[in-house]
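I wanted to go through this one with the coordinates open and jot down what I looked up. Here are my notes, entry by entry.

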Amino acid sequence: MPEYPKKYKKEFQHSYALGPFPTFELLKARPERVRAVYMREDFRERDKLAALCGELDVPCQCSSKALERISQKEVCYAAGEFVKYPGRLEPRAPHAALVCPGDMGNLGTIQRTLLGFGIRDLALIGGGADRWNPKTIRASMGAAFRMEVEEFGDFPAYLAAYGKGRDVFPFMLDGGRVLTPETCPRSDRYTLVFGNEAAGLPPEYQQYGQSLFIAQSQEVDSLNLAVAVAVGAWVFTNRNGGIV
């Protein structure tokens with residue numbers, strides 16, 4: 001009997017990109033990390049995917065059983081198995097930093113959003129949601145493979161590695177400046193810092209830089225984390241020479 005892949009566990013040294021689009025993105029962006037590709041026999045783009053795997057010398061199997069093992073209850077037409085890899089942020093580029101993000105869907109959506117606005121470097125501070133979980137990868141729609149993501153035990157560790165000459169902007173409900181397109185600071189090298197979905201950033205983050213607040217109505221207590229990142233990234237990239 002063939003050896004089928006196993007359902008993902010965090011301690012594995014590999015993970016899966018579930019779905020045709022994330023699988024194609026994996027092959028295009030990180031082909032050297034791909035161990036195998038699986039697809040259903042009735043996948044409409046089977047020939048296209050097989051041809052790309054052939055060009056990249058990646059093993060490709062038609063196996064509904066393998067896909068059922070790794071996707072569980074979800075119907076999945078294609079998936080890529082890849083080896084996890086370290087990230088390294090670009091010192092001169094704009095960064096975003098997430099402190100203890102708790103939701104894998106948010107984490108994936110945030111990566112897709114940041115990439116859409118031209119921010120390709122993400123620091124993960126203090127643990128939290130698993131960046132390699134297939135749910136995170138799926139939510140990013142493959143954007144995770146086109147970003148550099150580096151993990152740090154705490155924010156001082158991040159600053160020790162990348163803080164020199166960098167402007168830090170923590171987003172906080174009691175932020176010292178309301179962020180608008182007109183009030184957005186100008187900076188050649190900045191980091192946008194966002195807290196956990198439930199707790200936000202602790203008070204000590206006020207000391208790291210100019211804290212910011214996204215104005216909102218009194219009908220809600222806060223914005224969803226992914227939405228807050230989208231607003232902050234859009235305003236900053238527009239103000240500071242982004243692609244939009």
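This is a predicted model: local features need pLDDT of at least 70, side-chain atom pairs count only at pLDDT 80 or more; totals for chains, interfaces and linings use all residues.

**Entry 1: a glutamate and its partner**

I started at Glu148, which comes out partly exposed at a relative accessible area of 25%. My scale calls a residue buried under 20% relative accessible area, exposed over 50% and partly exposed in between, with a 1.4 Å probe and protein chains only. Residues are numbered from 1 along each chain as its sequence is written, and side-chain values use heavy atoms, with hydrogens and water left out.

Which side chain meets that of Glu148 in a salt bridge? I found Arg30, at 3.3 Å from N to O. The rule I used for a salt bridge is a side-chain nitrogen of Lys or Arg within 4 Å of a carboxyl oxygen of Asp or Glu. Arg30 sits in the loop between α1 and β2 while Glu148 is in strand β7, so the pair ties together parts 118 residues apart in sequence. Helices (H or I, at least four residues) and strands (E, at least two) are DSSP runs, numbered from the N terminus. Arg30 itself is buried, with a relative accessible area of 13%.

**Entry 2: other salt bridges**

How many salt bridges does the rule give? The count is six. I looked at the one between the side chains of Glu25 and Arg146, where N to O is 2.8 Å. Glu25 belongs to helix α1 and Arg146 to the loop between α5 (134-140) and β7, so this pair ties together parts that are 121 residues apart in sequence. Glu25 is buried at 11% relative accessible area, and Arg146 is partly exposed at 34%.

Then I checked Arg35, which forms a salt bridge with Glu81, their closest N and O atoms being 2.6 Å apart. This pair also links distant parts of the chain, with Arg35 in strand β2 and Glu81 in strand β4, 46 residues apart. Arg35 is partly exposed at 41%, whereas Glu81 is buried at 7%.

**Entry 3: the four-stranded sheet**

Next I traced the strand order. It is β1-β4-β2-β3 in an open sheet of four strands, with mixed pairing. Two strands pair here if DSSP finds at least two bridges between them. The edges are β1 (14-18) and β3 (60-62), each pairing on one side only. Neighbouring strands of the sheet are turned by 20° against each other on average, direction ignored. For angles, I take axes as lines fitted to C-alpha atoms, for helices over the stretch in contact, and values run from 0 to 180 degrees between N-to-C directions.

β1 and β4 (residues 78-83) run antiparallel and are joined by five bridges. In this pairing Ala17 stands opposite Gly80 of β4. Helix α1 (residues 20-29) packs on the sheet, touching β1, β2 (34-39) and β4, and its direction makes about 40° with that of β4. Contact means heavy atoms within 4.5 Å. Helix α2 (residues 46-56) lies across β2, β3 and β4, running at about 165° to β2.

**Entry 4: a serine in β1**

Ser15 is in strand β1. Buried or exposed? Ser15 is buried, at 0% relative accessibility. Its side chain reaches the backbone oxygen of Trp132 at 2.5 Å. Leaving aside neighbours within four places in sequence, the contacts of Ser15 include Tyr8, Phe82, Asn133 and Pro134.

**Entry 5: helix α6**

I finished on α6 (residues 155-162). Which of its residues are buried? They are Phe155, Tyr158 and Tyr162. Seen down the axis of α6, they fall within an arc of 55° (taken from the directions from the helix axis to the C-beta atoms), so they line one face of the helix. An α-helix has 3.6 residues a turn, so residues three or four places apart point the same way. The cover over the buried residues of α6 includes β5 (95-99), β6 (121-125) and β10 (190-194).

Key:
A polar contact is a pair of N or O atoms within 3.5 Å; within protein, one must be able to donate a hydrogen and the other to accept it, and residues adjacent in sequence count only if both atoms are side-chain atoms.
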